[in-house]
Amino acid sequence: MKIEADRDVCIGAGMCVMNAEEVFDQGDDGIVVVLEVEVPPEHADAAARAVAACPSGALRRVDA
Amino acid sequence: MTETLQEETREAPEMPLHMRREGFDPVPEMAALRDDEGVRQVETAFGMPAFLVARHADVKAVLADSARFSNDSRRAFDAPGAPKLSDEERDRMRAGNLLGVDPPEHTRLRSMLTPEFTVRRMRRLEPRIVEIVDDHLDAMEKAGPPSDLVADFALPIPSLVICELLGVPYADRESFQQRTSKLLDISLPMDERLELGRESREYMADLVARAQAAPGEDMLGMLVRDHGDDLSTDELIGIAGLLLIAGHETTSNMLGLGALALLRHPEQLALVRDDPAAVAPAVEELLRFLGIVHSGIPRTTTRDVEVGGIAIPADSLVILALATANRDPRFLADGDRLDVTRDAAGHVAFGHGVHHCLGAPLARMEMRIAFPALLRRFPRLALAVPFDEVEFRAFHFIYGLRSLPVTW
């Protein structure tokens, strides 16, 4: 599973960090930083929850 | 949130359908509206025509689409029946109000605040919030039962947290708490609420002037220091006023109403008290189930649109029934039941889209600390009055309790 984040769309709500802090972080500006673009299988569920929870629609799953 | 209320005018008459409740629950008519029609044309409390949207998927779709569903309060002002205010006053009321503007203006304002509400920032506040919660529990224990949980716990904790964060003197709490509570009470005459809004702005103007003269380490100081050139004084006043209201009116009502909901479900209360892993999902479920923000800010359509198969013309008000949407059977099963063990993710208690609650990480942290701390300190916490004597706060933009007499 691969994750794409659109930093222009992100509003910095932090829902991704709350759901999957191994995969996402927030920069000093509060905007999303993807730590693991290729999500390790053990964090795939959490990452999927983060994508679903994102209020701004900034996150996207890109599945091979 | 106040801003929109200030926009709506006339005497507050009958309670709008989407604000009517029976105890914790939206009235059965709201569930019927959601499950049958989905969207219904209604009148607002102030006699303006509006479309009430009640299904979870429709509510999310509207909230996600800020281009077609505008928060811009100037549009709402132009609705028939809206109050006639001078352009100057309108502009002043709108300045800095993140809930009354659309992108890109909204993006400009929000991006100045986003760094202050990151998950990491909130974690840094955790020890201080724990201390504040413990202090209030100590005071309750010392005074002994009974206690009014709203006055002694639910209201003062978020109030003190937002005061410290923002840089508002806590000594002023009595006056601003009273003012904001009345501002959000739609049963009060519009003139009175407009006047309270003006008083509120004068108070914040004073604090902003002080921060401009000597910026402190708090959020007001940060805004002045880092964004003093980009923000007008009116914008600073608007932002500060919104954060002060949003910071204490919301979390405090969740704490009061949430405690009552848990007291009514003792086996679930025991879970939250005894199992640390149960707390975070329980907070989400309480947010979903209680849906204290009945409807958030009404949107205005920027063009002809369709919602849930219903045509809505341009320049119509759209009201989002958040509490009812949170219980939509198409969203989750058995939504009228409180179940702190369920996965409530996807609820719209904090809204959705670009206006999703800025303070959500703070609110979550306060609740995750406060609920278990309360229940562990007083394991035998119980209502001190029969349930049917508990006074819910109707007619208020944010649902809650007037008081919650408890004993232990």
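Before the details, a word on conventions: residues are numbered from 1 along each chain as its sequence is written, while chains are lettered from A and ligands numbered from 1 in the order in which they are written. Since we are looking at a prediction, local features need pLDDT of at least 70 and side-chain atom pairs count only at pLDDT 80 or more, whereas totals for chains, interfaces and linings use all residues.

Let me start with confidence, where pLDDT is the predictor's confidence in each residue, from 0 to 100. Chain B has a mean pLDDT of 92, with 94% of its residues at 70 or more, and for the complex the predictor gives an ipTM of 0.93 and a pTM of 0.94. Please treat residues 1-12 of chain B with care, as pLDDT stays under 50 there; for this stretch the model has 53 contacts beyond four places in sequence, a contact being two residues whose C-beta atoms, placed from the backbone, lie within 7 Å.

Now to the helix α7 of chain B, residues 119-143. Helices here are DSSP runs of H or I with at least four residues, strands are runs of E with at least two, and both are numbered from the N terminus. The expected span of a helix is 1.5 Å times one less than its number of residues, so the 25 residues of α7(B) should span 36 Å, and the 35 Å between its end C-alpha atoms agrees with that.

Which residues of α7(B) are buried? They are B:V119, B:M122, B:I129, B:I132, B:V133, B:H136 and B:M140, where buried means that 20 or more other C-beta atoms lie within 10 Å of the residue's own, exposed means 12 or fewer, and partly exposed is in between, with C-beta atoms placed from the backbone. Their packing partners include α1 (15-19) and β2 (24-26) of chain A, as well as α17 (360-377) of chain B. Just after the helix, B:G144 takes a positive phi of about 80°, and a cis peptide bond with omega of about -5° joins B:P145 and B:P146.

Turning to the strands, four of the five residues of β4(B), residues 49-53, are buried, so this strand is largely enclosed by the rest of the structure. Strands pair if DSSP finds at least two bridges between them. Five bridges join β4(B) to the antiparallel β3(B), residues 39-43, and B:R40 has B:L52 as its bridge partner. Four bridges join β4(B) to β10(B), residues 317-320, in a parallel arrangement, with B:V53 opposite B:L320.

Finally, most residues other than glycine have a negative phi, and most peptide bonds are trans. Against that background, B:D315, in the loop between β9 (310-312) and β10 of chain B, has a positive phi of about 65° and is partly exposed, with 16 other C-beta atoms within 10 Å. B:F395 has a positive phi near 60° and counts as partly exposed, with 14 C-beta neighbours inside 10 Å. Another cis peptide bond, with omega of about 5°, joins B:P103 and B:P104.
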